[in-house]
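I opened the model today to look up a few elements one by one. My notes follow in the order I made them.

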Amino acid sequence: MIVTPGPVVNFLLTNQNVRDVRDIDWPKAKRMLKNLRVKATHNNMEFKIIGLSDQPCSRQTFPMKVRSGSSEGQTVDITVEEYFKSKQVFLEKPYLPCLDVGKPKRPNYLPIELGNMISLQRYTKALSSQQRTTLVEKSRQKPQDRMRVVTDAVKSNRYDDDPIFSSCGIKIDSQLTRVEGRVLSAPMLVVGNSQDCVPFKGRWNYNNKKLFEPVRIERWAIVNFSARCDMSRISRELINCGRTKGIIIEGPYSLVDEDNQARRCAPIVRVERMFEKVKANLPGPPEFLLCVLPERKNCDIYGPWKKKNLHEMGIVTQCIVPSAKMNDQYFTNVLLKINAKLGGMNSKLALEHSRQIPVINKIPTIILGMDVSHGSPGRSDIPSIAAVVGSRCWPLISRYRASVRTQSPKVEMIDSLFKPLDNGKDDGIIRELLLDFYTTSQQRKPEQIIIFRDGVSESQFSQVLNLEVDQIIKAYQNMGQGPPPKITVIIAQKNHHTKLFQADAPDNVPAGTVVDKGIVHPKQYDFYMCAHAGPIGTSRPTHYHVLLDQIGFTPDELQSLVLSLSYVYQRSTTAISVVAPICYAHLAAAQMSQFIKFEFADTSSGSGVPSSSTAATVPELPRLHADVCSSMFFC
C-alpha cells in the first residue's frame, strides 16, 4: 500500500472523507502524517513529518535571530505566517496548522498548504475497516489468475540470466512445483436429537435441525443505540428462529431505546445513561442483553459497552448491527453465538459423542491455543495482550476456557504463563487453565498437553521451547507431585506465501487438502493443510510445524486431529482455516483489547511514544465479573 501523492490538504480531505478543511480531525491527521515525507513547493526540499504545530500558522511562533547592523542582533518571536511573508511566500490558508518537519526538541515548521506528499511512499499504519474491505476486494484473485501472475513474473524477471545466480549454479524453475497431496474426509458432526450432520465441501447448516445443547433464555432485554431500528421485529424474528433451533426464548423484559440527546455524548456517557434506563425498566439483573449498535461497524460504543457488561455488571451480551439482510440465516448466526456464550453447544464431533478420539480419549489431555495481540502499527504505548485457551470437560475437544494478560508492547513471547508471587503461589495463566480442566474433568490431571502456538516466525521457534514451554512445565510442577506431562508443540503459520493449486482444475483445492512432502522441511516434521473451502479468491493453507512431540503422534493421527479441530468452532457453520483453539485465542485477545482500547484513546499529541510511566509499568486487564466468567468459555 502506498500513499497518494499530491497536496497534503487534499490527502487529508480524501483520507477522512470530508469536503472542508474545517471538518478535518487534526489529532487523527497528526497520527496519519507521522513519519511520512513531503516536498516543500516553495524550495523543492524534502522533509520527514514528525507532527503538527499546536497553533495555526498565523499564531504559531518560533524564535529567530534578527541582525541589526554590525551587531549580532537579538532573538525575537515571529509567527510562521510573518516569516514566509518576509520571504515573499503568501499563505492562502494561514488558519491551518503547520507540519513539524524538524527534530523532537528543535521544531521546524512548514505550512501545510506548502507540502506535497512524495510519491511511492509505503503506508504501514493500521487501516480502517472500510480500507481493509476495499484492499481485500481489490487484491482478490481466482486461482488461475494468481497462478498466471506468478508464472509470468518469474518469466519476465529472467532469473536464469542473472550473472550472480549463474556463477553460484542456482537455477529458478519457470513452472510451478508439482507435489503430491491428499484430501482427508471431513469428520462427522452430531447436532440436536443426536442427529448426524455430514459436512459437504467444508460446510453444513442447521436447516431443519436443532442445536446439540440449546439453552433457555428467560430474563433478557434489547437495548438500542441505533436511530433507525425496529426492535419489535428483531425480538419477534429472534424468538421464532430460536424456536426452530431448539432455543426457548421468552419475550424480552423491555425494549430500551437511547434518548435522542444522549447520542451526542461521549461513548462512555452513552453507555452509563443506557444502563440507568435498563435498571429503571427491568425488575432485576438480566441474564442476557441484546445490544443494537449504530449503523457503522467498529463503533466507539462497543468497547465501553462490553467492559460495563462483562467487568462491572456480570451480564452476557451480544451486539448486532442493523442490516437489510436480517433474514433467517442472519438470526441463526446470531443465535449460534448467543447459545455458546450462555453455555450451550451447537454441534459436536461424532468421535467426541462416541468417545473414540485417538490418543486423547484414553489419556487425560488438555489442548492449549496461544496467541499474542499487539496494538496498531505505530502505537507503542498500547500493551500487547497474551491470550491462552485451554480445553475443558475431557475427553471433549469442543469446549474451551480463555485466560488473558497484558504484557509489554510488541513483545511476542508470553511471559505470564507461570507467574510466582512473593507468597510462593502462582498467578499465571496455565495454573488457571489447569485448575479449570481439573474441576471439569472428573478431578483428573492432564497427562498430555497439546500446544498450538500462533504468530511466531521460524527465528522464534527456539524461544517458544526455551521460554514458553519451560513456563508451562514449571506451572504444572508448582501444582503438586506427579510425573511431568508429555508435551506436543505445534506452530500454526498463516503469514507465508505458499499457495496450493489443483493441477487439472481451475478451482481452489478442496477442503481437507494436506501436503506433507516435496515443499516441507527436509528433517523436521511439518505439513500444509487447507481445512476450509475457498469459494472466493485463492485459498492460503495453514503451515503446521511440529517443534516437539513427546506424545508420539503418527502423521495420520496428527493430521486427523488438526482437521477435526477445524470443525469444532462453535460460532461458524464452516470449517475454519486454522484450528479452533487458536481462533478462540484470537477472539479472546480481540475481546479484551476492546476493554483497553478506549482507555488508551489517542491524545492530541498522537506521537506514539510511550510516556515514562507507560514504559515502566504495563496496566493489567480488568477482571471479569464473577457472574459472567462463563462468557469467556467457548463451547
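How many of the residues of β17 are buried? I count 5 of its 5, so the strand is mostly covered. Buried here means under 20% relative accessible area, exposed over 50%, and partly exposed in between, with a 1.4 Å probe and protein chains only.

**Ground rules.** This is a predicted model, where local features need pLDDT of at least 70, side-chain atom pairs count only at pLDDT 80 or more, and totals for chains, interfaces and linings use all residues. Residues are numbered from 1 along each chain as its sequence is written, and side-chain values use heavy atoms, with hydrogens and water left out. Helices (H or I, at least four residues) and strands (E, at least two) are DSSP runs, numbered from the N terminus.

Next I looked up the strand partners. Two strands pair if DSSP finds at least two bridges between them. β14 pairs with β17 in the parallel sense over 5 bridges. I noted one of the pairs: V223 has C291 of β17 as its bridge partner. β18 (residues 316-320) is also parallel to β17, again through 5 bridges. There, L290 stands opposite Q318 of β18.

**Entry 1: α8.** Helix α8 covers residues 267-281, 15 residues in total. From first C-alpha to last it reaches 21 Å, close to the 21 Å expected at 1.5 Å a residue. The expected span is 1.5 Å times one less than the number of residues.

Which residues of α8 are buried? I find R270, V271, M274, F275 and V278. They share the same side of α8 because they cover an arc of only 135° around the axis. The arc is that of the directions from the helix axis to the C-beta atoms. An α-helix has 3.6 residues a turn, so residues three or four places apart point the same way. On the other side of α8, I find E276, K279 and A280 exposed.

Contact means heavy atoms within 4.5 Å.

**Entry 2: α1.** In α1 (residues 8-16), V8, V9, F11, L12, L13 and Q16 are buried. These residues pack against β1 (6-7), α2 (26-33), β2 (37-40), β7 (97-100) and β9 (115-117). Just after α1, N17 takes a positive phi of about 60°.

Entry 3: β20 (residues 365-373) is mostly covered, with 8 of its 9 residues buried. It has 6 bridges to β23, and these two run parallel. I366 is partnered by I449 of β23. β20 also has 6 bridges to β21 (residues 384-391), but that pair runs antiparallel. L368 stands opposite G390 in β21.

β23 (residues 448-454) goes on to join β24 in parallel over 7 bridges. R453 has I491 of β24 as its bridge partner. In β24 (residues 486-493), 7 of the 8 residues are buried.

**Entry 4: K499.** Where does K499 lie? I place it in the loop between β24 and β25 (513-515). I left aside neighbours within four places in sequence and listed the contacts of K499: R146, T538, S539, R540 and P541. The C-alpha atoms of K499 and T542 are separated by 9.9 Å, though the two are 43 residues apart along the chain.

**Entry 5: the whole chain.** I count 16 helices and 28 strands. Of the 635 residues, 46% count as buried. The C-alpha atoms fill a box of roughly 95 × 80 × 55 Å along the principal axes. Among contacts between residues at least 6 apart in sequence, 70% join residues at least 24 apart.

The domain assignment, which is automatic or from a database, gives domain 1 (2-134), domain 2 (214-342) and domain 3 (354-504 + 544-601). I noted 46 Å between the C-alpha centres of domain 1 and domain 3.
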